Number of protein chains: 2
Amino acid sequence: MELFAERGYGKTTVEDIAARAGLTERTFFRYFTDKREVLFAGSELFVKQVVDAVRAAPRSSAALDAVLSACESTGDFFEERRPFARRRNALISAHAELQERELIKMMSLASAITETLKQRGTSSAAASLAAEAGLAIFRVGFDQWARDPRDRSLVLHLRAARRQLEAVVVGARKSGLRAHTRGSS
Amino acid sequence: MELFAERGYGKTTVEDIAARAGLTERTFFRYFTDKREVLFAGSELFVKQVVDAVRAAPRSSAALDAVLSACESTGDFFEERRPFARRRNALISAHAELQERELIKMMSLASAITETLKQRGTSSAAASLAAEAGLAIFRVGFDQWARDPRDRSLVLHLRAARRQLEAVVVGARKSGLRAHTRGSS
DNA sequence: CCACGTGATGTCAGTGCCTGCAATCACGCG
DNA sequence: CGCGTGATTGCAGGCACTGACATCACGTGG
């Protein structure tokens, strides 16, 4: 992060990073598969935490609720490092290659959540959709949180996003059914 | 695609591709910014079609309906080339770097849709969520479509996915509200 | 104190992606 | 034929990444 801040991501070579850490380029590639991966260290741990939280959700709760409470449980983690999260976010959104990596990490999280939901007895398609919808809420909520000038909590933004999604889906369902009834038959 | 089928994506160099097209590596990079981009040629056109379809949706329809009818309008396009779509899909899901590219294309589509919805008067957060929810439905539906041994239509799979999402969100809302009533106050 | 095994680190050479720059080519026009 | 313009090429080089092998650090048993 120091180096990226100094010269920018593109102008920082892997050799630079390794040197700053007192190592060789070759050794860098033993720890990270990629130049990009250096910004995503510990992501497996993050996935594990979220998945465990999903698994820990009460059986009675609906799939989406399980996913969202798991998302909310990451709040403490992020709340402590909002400044860092902001800088990291800015860096990533400034570089397409980094966004790509972030997106695939998100999808691997989605897959992991989907699997966990299936083990809870959710059907395959519903599990996928609950995972994806949950992460869509997370993305939107996280974004609002990161750019919130009033520094309100992540949980608050997640709940707001969730209500928005409900409104969007339910609203569409109502008018969609009406249109359908009108249109067919 | 020929070359990728013959030797695999990883073992096909850009020089190979250029040679097969009767050109030089250097020229390849004038047409494509990337080796990966060769598999996503014309994606801007696709985005344009979907965005136009969203824009063309009646004002009265809800945001999510606008997005979904736009997704359905791509059905004809894909239906004609299901075998190609399947091979391309298999190739992409076998290579993480290609998945990354596909994901970022999806997100750029989501952003474009979000913008269009905002112009229709949808609020920013609702627009994001309608776009993301719509694309989640598209991803799940498309996946089912591509792997459907009975070759049923894309539209059918999209509608099914949509009903699943409704169930997931509405189901969660009901039990979530119940839990909330029980839990707080 | 030494030999030895093991895992981390370093060296080196090589491949392939990608870029900048300058030369060359194709071709339509006066 | 000469000329301008846009497409193509050749060349040199930077950087990401890999494989094979050498070396180092260090704990263990003799």
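Biologist: Hi! How many residues surround DNA strand C, and which are the closest?

Modeller: There are 13 around DNA strand C, and the closest are A:Thr24, A:Arg26, A:Thr27, B:Thr13 and B:Lys35. A residue is near a strand if its C-beta atom, placed from the backbone, lies within 6 Å of it. This is a predicted model: local features need pLDDT of at least 70, side-chain atom pairs count only at pLDDT 80 or more, and totals for chains, interfaces and linings use all residues. Residues are numbered from 1 along each chain as its sequence is written, while chains are lettered from A and ligands numbered from 1 in the order in which they are written.

Biologist: Which helix gives the most to that surface near DNA strand C?

Modeller: Helix 3 of chain A, with three residues. Helices here are DSSP runs of H or I, at least four residues, numbered from the N terminus.

Biologist: And DNA strand D, which helix gives the most there?

Modeller: Helix 3 of chain B, again with three residues. The closest residues to DNA strand D are A:Thr13, A:Lys35, B:Leu23, B:Thr24 and B:Thr27.

Biologist: What classes of residue make up the surface near DNA strand D?

Modeller: Three nonpolar, four polar and six charged. Asp, Glu, Lys and Arg count as charged.

Biologist: Switching topic: what does B:Ala130 contact, leaving aside neighbours within four places in sequence?

Modeller: B:Ala130 is in contact (C-beta atoms, placed from the backbone, within 7 Å) with A:Val168, B:Ala63, B:Leu64, B:Val67, B:Leu117 and B:Thr122.

Terms used
Two residues are in contact if their C-beta atoms, placed from the backbone, lie within 7 Å. Helices (H or I, at least four residues) and strands (E, at least two) are DSSP runs, numbered from the N terminus.
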